[in-house]
Every structure is written in C-alpha cells, then in structure tokens.
Amino acid sequence: MKTKLFLLIAILISSMVFIGCKNDDDEFVPNDKVQKEFQTRYPNAKDLSWETENGYIVAKFRQGSEYSEAWFIENALWIMTNTSIKFPSLPQAVQDSYNGSYYADWTIDGIMRLERIDTKMLFVIEVDRDPYTLDLQYSASGILINAIPHQDDEFYLPVTIPIRIKDFISATYPAAEIMQYSKIGYNYVADILEGVTPMHVNFDKDYNWLYTTWEVYYINIPQPIQNKITTAYPGYKVLTSIQKEDSKGTTYIMRMVNMKKEIEVTFDPEGNVINETSPQ
C-alpha cells in the first residue's frame, strides 16, 4: 500500500514539474515587426520581457536604473512608454514647481514619465495624504496640468484623437500643445497647454465643441465680479477662479468658502450671478 502511495506522489510531482516547464517554454514572444520597432526605439534595453495586456503588446525593460513599459498594438504601432523615475530625475522645472506647491509636504508614492502618441511628454507624481491619493500631472516646463484621483496605468493609455478635434484645437488655440486626451462617459476632453496656461477643451460624443475652461488669478477676473463678491459675499475667501468659454460667451465660476459653508457661484463678466450651488 505504501509503495503504491509513494508511486502516486512521485507521478504527481513529475506532472507538476512538467507543467511548470511547459509554462516557462510558453513565454509570449511578439511578431517580428513589433520586435524590430522596439529595438529601433530602445537599442540599449536590458532585462527585456514581453506580455500581453488587454489586447496590447507590452515590453518590460530596463535602461540604466530606470524601468519602463512600452506599449504596442499588433501592427507594431508604438502608443505609449511609461517609465518609473526618482524625484531627482524630474526636470528641474517640475521639481521647483512641485516644491513650491500645496502638495510639497504630501507623501510621494511614485513618479512616472509618460510618453504617448499624439501628446506631449507628461510627468505624473502620485502623492498621498490620508484619505486622498492624487496624480499630479506636470508638463516638462513645470506647469501643473491636472490634479486628479490616482489612476492605474490603463487610464493613461492614449485614445485616438479624431482629426476633427485636432483641427478645432489647431484653429482655435494655434499655440497650444495637447498634453492629454481622454474619453469621459460619452464625451471627450483634451487637456492642452497654451503658453503657461493649462486649458480643458470639452467635446460631445460627435466631436462638437462644448466649452473650454481654465483657471485664472483672482486679480485678473473682471472688476465688476470682484466688486460683487465684496458686497454680496462678505467674509468669503475665494478658493479657485475658473474662466469658461462656450457658444453663449464667457462666464466665471468662483469657488468660495467661509466659516460655515462652501459655495460655487457663476458670474457673467458684468458681475451678475447666473447660478449658485453648494458643492457636496
């Protein structure tokens, strides 16, 4: 009986070893076009491995002390490379901007250099202060483009930018660079940088322009709005000032707070209140 039991155990162990070896031999290898494109882009890559992820072909590799992932589709089109870096490897302008920001004393959980097709390089600093974890998205020139809840790598995979949207941005904001492009629900948002001003251009599902928003300094908003805030909202401190352009014209969205509550008030340029809400 013992002999049969030992024989059965030996067979099971042999089967497990065989299965393990079979999985190692089945490591994914991409087609020749993808490999050639990768080698052209990263001739000095080390520790290369390949895998597939949600329909994409992903190369994981090292260059010096930096670890990267390069994302391709089957026809060898490169779409994104994200690289994990340390704070000293950030452009000096980004370091200075972060060190002078509201988030300078938050805990840094990770930093990513993001290169994507059709958009400019982005640096993403993941910061944490309980209960919040945010992604701070910076341009190479140190401009904070967005501060959003932390996202995984798949969020940053590029969405193809329709020609109609590219043409609109080129015609309307000729000096702008596209930093990020996202699909949110049924609509689309292009985050652009015009000079030193990050702007958020919103489109509907058919690529029609809806509106554009950007943050402005309080001292730059029209004087009638400043006067209205002084007289109608005494004791309130302005947290943010957003300028909004749409087909109806220009409005200003002011988020303000006093000792009791926070409110969001929309003004026209003449200082008339269009809408007032209390954000949750």
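## A sheet, a helix and some salt bridges

User: Let's start with the helix in this predicted model: the buried residues of α3 pack against β5, β6 and β7. Which residues of α3 are buried?

Analyst: Happy to begin there. To count as buried, a residue must have under 20% relative accessible area. In α3, the residues that pass are Val 94, Gln 95 and Tyr 98.

User: How wide an arc do they cover around the axis?

Analyst: The residues in question are Val 94, Gln 95 and Tyr 98. They are all on the same side of α3, because the arc they cover around the axis is only 100 degrees.

User: Which residue in β8 is the bridge partner of Asp 135?

Analyst: Strand β7 covers residues 132-139, and five bridges join it to β8, the two running antiparallel. For Asp 135, the bridge partner in β8 is Ile 148.

User: Is Glu 69 buried or exposed?

Analyst: Glu 69 sits in strand β3, residues 66-72. Beyond its neighbours within four places in sequence, its contacts are Val 58, Ala 59, Lys 60, Phe 61, Met 80, Thr 81, Asn 82 and Asp 153. The relative accessibility of Glu 69 is 16%, so this residue counts as buried.

User: Which residues are linked with Glu 69 in a network of salt bridges?

Analyst: One link of interest is the salt bridge between Glu 51 and Lys 60, whose closest N and O atoms are 3.5 Å apart. Glu 51 is partly exposed at 28% relative accessible area, and Lys 60 is partly exposed at 29%. The network joins Glu 69 with Glu 51 and Lys 60.

User: How many salt bridges does a search of the whole structure find?

Analyst: Side chains of opposite charge can pair when their charged atoms come close. Here one of the pairs is Arg 113 with Glu 115, with the closest N and O atoms 3.8 Å apart. Arg 113 is buried at 16% relative accessible area, while Glu 115 is partly exposed at 24%. Over the whole structure, the number of salt bridges found is eleven.

User: How many residues apart are Asp 118 and Lys 166?

Analyst: These two form a salt bridge, with the closest N and O atoms of Asp 118 and Lys 166 3.6 Å apart. The pair links distant parts of the chain: Asp 118 is in the loop between β5 and β6, Lys 166 is in helix α4 (residues 163-172), and their separation is 48 residues.

How values were computed: Residues are numbered from 1 along each chain as its sequence is written. This is a predicted model: local features need pLDDT of at least 70, side-chain atom pairs count only at pLDDT 80 or more; totals for chains, interfaces and linings use all residues. Side-chain values use heavy atoms; hydrogens and water are left out. Two strands pair if DSSP finds at least two bridges between them. Helices (H or I, at least four residues) and strands (E, at least two) are DSSP runs, numbered from the N terminus. Buried means under 20% relative accessible area, exposed over 50%, partly exposed in between (1.4 Å probe, protein chains only). The arc is that of the directions from the helix axis to the C-beta atoms. Contact means heavy atoms within 4.5 Å. A salt bridge is a side-chain nitrogen of Lys or Arg within 4 Å of a carboxyl oxygen of Asp or Glu.
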